[in-house]
Amino acid sequence: MNNTIDALALKKAFIAGANNLNNKKDYINELNVFPVPDGDTGTNMTLTMQSATREVEAAPLDMTAIAKAMSTGSLRGARGNSGVILSQLLRGFSKKIQDKEEITVKDLADAFQKAVETAYKAVMKPKEGTILTVAKGIATKARECADADMDLAAFCEIVIEHGDLVLASTPDLLPVLKEAGVVDSGGQGLMEFIKGAYDGLTGKATAVVDTSASSTVNNVVSGAGNTSISTDDIKFGYCTEFIINLEKPYGEKEDSDLKAFLESIGDSIVCVSLDDIVKIHVHTNHPGQAFEKGLTLGYLSNMKVDNMRIEHNEKVIKAAEREEAAKQEAEKEAKSAPKKEYGFITVSMGDGLKELFTELGADYVIEGGQTMNPSTEDMLNAIDKVNADNIFIFPNNKNIVLAANQAAGLSKDKNVIVMATANSPQGISAMIAFDSTVALNDNIDNMKDAIANVRSGQVTYAVRDTSIDGKTIKEGDIMGIGDKGLVSVGKDISEVTYDLVVDAVDEDSEIVCIYYGQEVDDKAANMLSDRISEEYPDLDVQVYYGGQPIYYYIVSVE
């Protein structure tokens with residue numbers, strides 16, 4: 001093992017670390033018990049790293065390019081709190097290595113320290129006993145080892161050993177971990193990534209890294225070759241997609257020139273620029289010409305070519321082209337329409353809740369929620385599609401707030417306001433409270449008041465045996481979770497939901513809203529509503545179809 005890390009070694013280590021994280025994601029999910037045992041930390045961290053890995057794999061063997069790929073790839077793919085924090089750790093780390101030709105032990109110590117500083121700044125209320133604590137412990141030990149002038153192998157082994165010790169101490173810092181008998185899942189994910197990266201440095205784990213310029217260009221999917229498919233009406237046969245990672249100035253002239261070139265070789269064109277990347281989609285008979293044009297502006301990644309004559313029948317292709325044309329026309333009309341003063345983006349899971357938000361005026365509904373956290377890039381794409389000066393985002397899940405804040409920070413030409421809604425009822429109440437006739441800051445205050453006035457809860461099932469708030473929970477038990485934690489545990493969905501509502505109602509309560517999920521029928525929901533109405537005749541009890549997965553019921557009391 002060398003005593004420094006060059007660009008190729010960094011590339012191999014990063015990919016090996018991401019692979020190890022992916023291999024351990026199910027185990028990491030099992031550790032995820034806070035705030036409820038829903039088990040998605042490993043999945044979120046893995047999806048974040050997969051986004052970064054795709055960019056790292058496509059990057060040339062240059063330290064600056066690889067560092068940038070690590071940072072931007074994880075940033076755009078960040079999902080959930082754990083994924084966002086991991087992306088910030090990588091962002092800080094990358095800043096300290098991007099100008100190095102080779103990385104020394106002291107460079108690593110500096111990079112670890114910058115990673116921790118960046119991640120802590122990104123979290124409004126850092127919680128000890130989490131991935132942040134593990135990262136901070138690693139950075140502290142790294143500085144001690146670097147000052148002791150250790151070689152790289154000894155440095156890595158001691159830092160990893162200390163990271164494990166800090167991880168083992170997380171239950172002493174976060175009581176819910178001790179009660180459940182587990183370590184922090186995010187911290188475990190970080191250690192799995194670092195251990196995999198070290199194995200990549202030593203050669204224990206191998207990552208396939210093809211450094212040839214054409215290694216990913218020939219990604220042509222040939223399909224089954226069904227000879228019964230008519231291809232007479234297909235003018236351009238190859239669906240070609242790729243991302244240009246810009247290395248040269250890209251303004252209006254370059255954008256116009258690129259689009260004109262693509263129109264000269266094909267149709268069904270999508271050409272979208274965002275910060276330092278340009279996303280291309282084109283139907284053409286000459287994919288190589290599209291790639292060559294892209295290479296004049298930067299290096300390419302996420303390259304994909306599908307032979308539509310082989311893979312799709314005529315009707316499917318025509319439908320896809322009509323859909324693409326309609327989508328482009330709709331986007332064109334939206335961009336040409338007068339810009340609105342206010343726009344609304346909300347995150348929702350379930351077709352019923354999506355319809356409710358749309359009826360309330362949401363311009364864009366992002367599919368997602370618990371275990372399906374949208375990424376920062378998903379948020380940025382939504383912001384780009386909403387033609388308004390001021391855009392409100394309602395994450396409707398605590399685990400999505402950081403990604404929303406990160407997207408708001410990256411938005412350049414729009415004022416993006418993130419309302420930190422923890423669930424859909426809070427988002428619905430906030431949107432109802434909006435008044436287009438009052439000033440922006442007054443609306444923000446009114447919506448915050450509406451959010452604070454909502455007492456809410458969710459009814460779901462446990463994915464593992466555990467213990468929360470002194471209550472023993474078995475796998476498959478029904479849990480009623482309120483704003484302050486676990487309220488009720490049982491075997492009957494309706495009973496647990498009823499107990500959750502009773503816990504939330506007080507003498508000032510006026511309205512109870514029940515949103516039933518995709519696994520509950522309307523008869524059961526209305527029977528529950530009737531029972532609550534009988535117990536509280538002065539309350540207005542309303543029932544809505546939410547269609548949400550995972551949660552049998554979402555309830556709110558105002």
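Analyst: Gly 482 has Gly 485 of strand 14 as its bridge partner. This is a predicted model, where local features need pLDDT of at least 70 and side-chain atom pairs count only at pLDDT 80 or more, while totals for chains, interfaces and linings use all residues. Numbering starts from 1 along each chain as its sequence is written, and side-chain values use heavy atoms, with hydrogens and water left out.

Strands here are DSSP runs of E, at least two residues, and helices are runs of H or I, at least four, numbered from the N terminus.

Moving on to the helices, helix 17 (residues 401–410) is largely enclosed by the rest of the structure, because eight of its ten residues are buried (under 20% relative accessible area, 1.4 Å probe, protein chains only). Among them are Val 401, Leu 402, Gln 406 and Leu 410.

Then there's helix 1 (residues 7–23), which packs on helix 10 (residues 185–202) at about 135 degrees, axes 7 Å apart; axes are lines fitted to C-alpha atoms over the stretch in contact, and angles run from 0 to 180 degrees between N-to-C directions. The contact (heavy atoms within 4.5 Å) includes Ala 13, Phe 14 and Gly 17 of helix 1 and Glu 192, Phe 193 and Gly 196 of helix 10.

Note on methods
Two strands pair if DSSP finds at least two bridges between them. Buried means under 20% relative accessible area, exposed over 50%, partly exposed in between (1.4 Å probe, protein chains only).
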